[in-house]
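Subject: Structure handover

Hello,

Here is the structure I promised to pass on. Please open it first, then read the notes below it.

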Amino acid sequence: MTTILELKNVTKQFGGLTAVGDMNFQVKKDSISGLIGPNGAGKTTIFNLITGIYNVTEGDIIFENNKIQNMEPYKIADMGITRTFQNIRLFKKLTTYENILTACHYNTDYSVLDAVIRNKKFKSGEKKLVQQVQALLEIMELTDRKDVVAANLPYGLQRRLEIARALALQPKLLLLDEPAAGMNPDETIKLMRLIQQIRDEFNLTLLVIEHHMDLIMGICDKVVVLNFGKKLAEGTTQEIQTNPKVIEAYLGEEDVIC
Ligand SMILES: Nc1ncnc2c1ncn2[C@@H]1O[C@H](COP(=O)(O)OP(=O)(O)OP(=O)(O)O)[C@@H](O)[C@H]1O
């Protein structure tokens, strides 16, 4: 399997605080990888470095053989990396359908002029958009809520809508920051199934931050464990679950959600 993303000796300092220190790991194409660790371990900082929100202090981030560290976030998004956020970011007053549609518009190939004169290119583009939105509604099981305003969706469905919006941007690598936060066990199981399904249907690679261990252990091909900004361990779910260092630093904690 080829490597789609690699962090090489990546360090991020905030003043005197090393949030991420000398981090090295690889993500294989078409895999689902997990990033876990106690609160403040540096997980979200790594997402912010990969997506260009933060500049690295040192080191390289390589995506499809290109160094992307310190590039503008929009350029990184254009290269095919999309993310969701720990705190949900939706257009709260728009419907589920409209939320996805606005994201799909990012990939249209007609110009403003085509839209103004409503020519054939515009009409076929719009038809494709509608099909794309419907497909995303269906795969994320949101079709029956398509006319509900985002703010009125139950929390678990808002999280699924966020993923649908991210998928609308047609990423190659999707970063999910605590996608199951606030979900009950049933919703979490459903989400696990959906994440596997989108990986298969969209030929996606996923990197997932999550405290719900059922989800991580249920879907990840590989897990990287962080502690105090450093890599504590890396391996298969089996290796991680039985690693004494991981159990001591993280899995033994009472607030890890199993
Ligand atoms: N913009 C910032 N300025 C200063 N310190 C920051 C900044 N962003 C993160 N940090 C610090 O870096 C460390 C790592 O934070 P980060 O949010 O990456 O942890 P995390 O593993 O995602 O935690 P959680 O599981 O609670 O979301 C923390 O000590 C945090 O306070």
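A word on naming to start with: helices (H or I, at least four residues) and strands (E, at least two) are DSSP runs, numbered from the N terminus. By that rule, D177 sits in strand β7.

Two points on the source. The model is predicted, so local features need pLDDT of at least 70, side-chain atom pairs count only at pLDDT 80 or more, and totals for chains, interfaces and linings use all residues. Numbering starts from 1 along each chain as its sequence is written.

**Overall picture**

The protein has 10 helices and 10 strands. Of its 258 residues, 37% count as buried. Here a residue is buried if 20 or more other C-beta atoms lie within 10 Å of its own, exposed if 12 or fewer, and partly exposed in between, with C-beta atoms placed from the backbone. Two residues are in contact if their C-beta atoms, placed from the backbone, lie within 7 Å. Among contacts between residues at least 6 apart in sequence, 68% join residues at least 24 apart.

**Two domains**

The domain assignment gives domain 1 (1–80 + 171–258) and domain 2 (89–169). Such bounds come from an automatic or database domain assignment. Across the boundary, 13 residues of domain 1 are in contact with 10 residues of domain 2. On the domain 1 side, β7 (173–177) and α7 (185–202) each supply at least two residues. The largest share of that side comes from α7, with 6 residues. By type, the side of domain 1 that touches domain 2 divides into 9 nonpolar, 2 polar and 2 charged residues. For this count, Ala, Val, Leu, Ile, Met, Phe, Trp, Tyr, Cys and Pro are nonpolar, Asp, Glu, Lys and Arg are charged, and the others, Gly among them, are polar.

**The core**

A nonpolar core is a set of buried Ala, Val, Leu, Ile, Met, Phe, Trp, Tyr and Cys residues joined through C-beta atoms within 7 Å. The largest one has 66 residues. Those with the most contacts inside it are L35, L49, I100, A164, L175, L206 and V225. Helix α6 (residues 155–168) gives the largest share of this core, 7 residues. Both domain 1 and domain 2 give residues to this core, so it lies between them.

Take V225 as an example. Leaving out residues up to four places away in sequence, V225 touches I36, G37, L232, A233, I240, V246 and Y250.

**Helix α6**

α6 has 14 residues. From its first C-alpha to its last it reaches 20 Å, close to the 20 Å expected at 1.5 Å a residue. The expected span is 1.5 Å times one less than the number of residues. α6 is mostly covered, with 11 of its 14 residues buried. Among them are L157, I163, A164 and L167, but also R159, R160, E162 and R165. After α6 comes Q170, whose phi is positive, near 55°.

**The ligand site**

Which residues surround the ligand? They are F14, L17, A19, G37, N39, G40, A41, G42, K43, T44 and T45. β2 (17–28) and α1 (43–50) each supply at least two residues of this shell. α1 gives the most, with 3 residues. The shell divides into 4 nonpolar, 6 polar and 1 charged.

**Single residues to look at**

Back to D177. Is D177 buried or exposed? D177 counts as buried, because 20 C-beta neighbours lie inside 10 Å. Leaving aside neighbours within four places in sequence, D177 is in contact with T44, F47, R83, T84, F85, Q86 and I209. T44 also belongs to the ligand shell. The C-alpha atoms of D177 and T82 are separated by 11 Å, though the two are 95 residues apart along the chain.

G182 lies in the loop between β7 and α7. G182 counts as partly exposed, with 13 C-beta neighbours inside 10 Å. G182 and Y54 are 128 residues apart in sequence and 27 Å apart in space, C-alpha to C-alpha.

Two asparagines are worth a glance. N9 is found in strand β1 (residues 3–14). Its phi is near 50°, a positive value in a residue other than glycine. N9 is exposed, with 12 other C-beta atoms within 10 Å. N203 lies in the loop between α7 and β8 (205–209). N203 is exposed, with 10 other C-beta atoms within 10 Å.

Best wishes

Methods: Near = placed C-beta within 6 Å.
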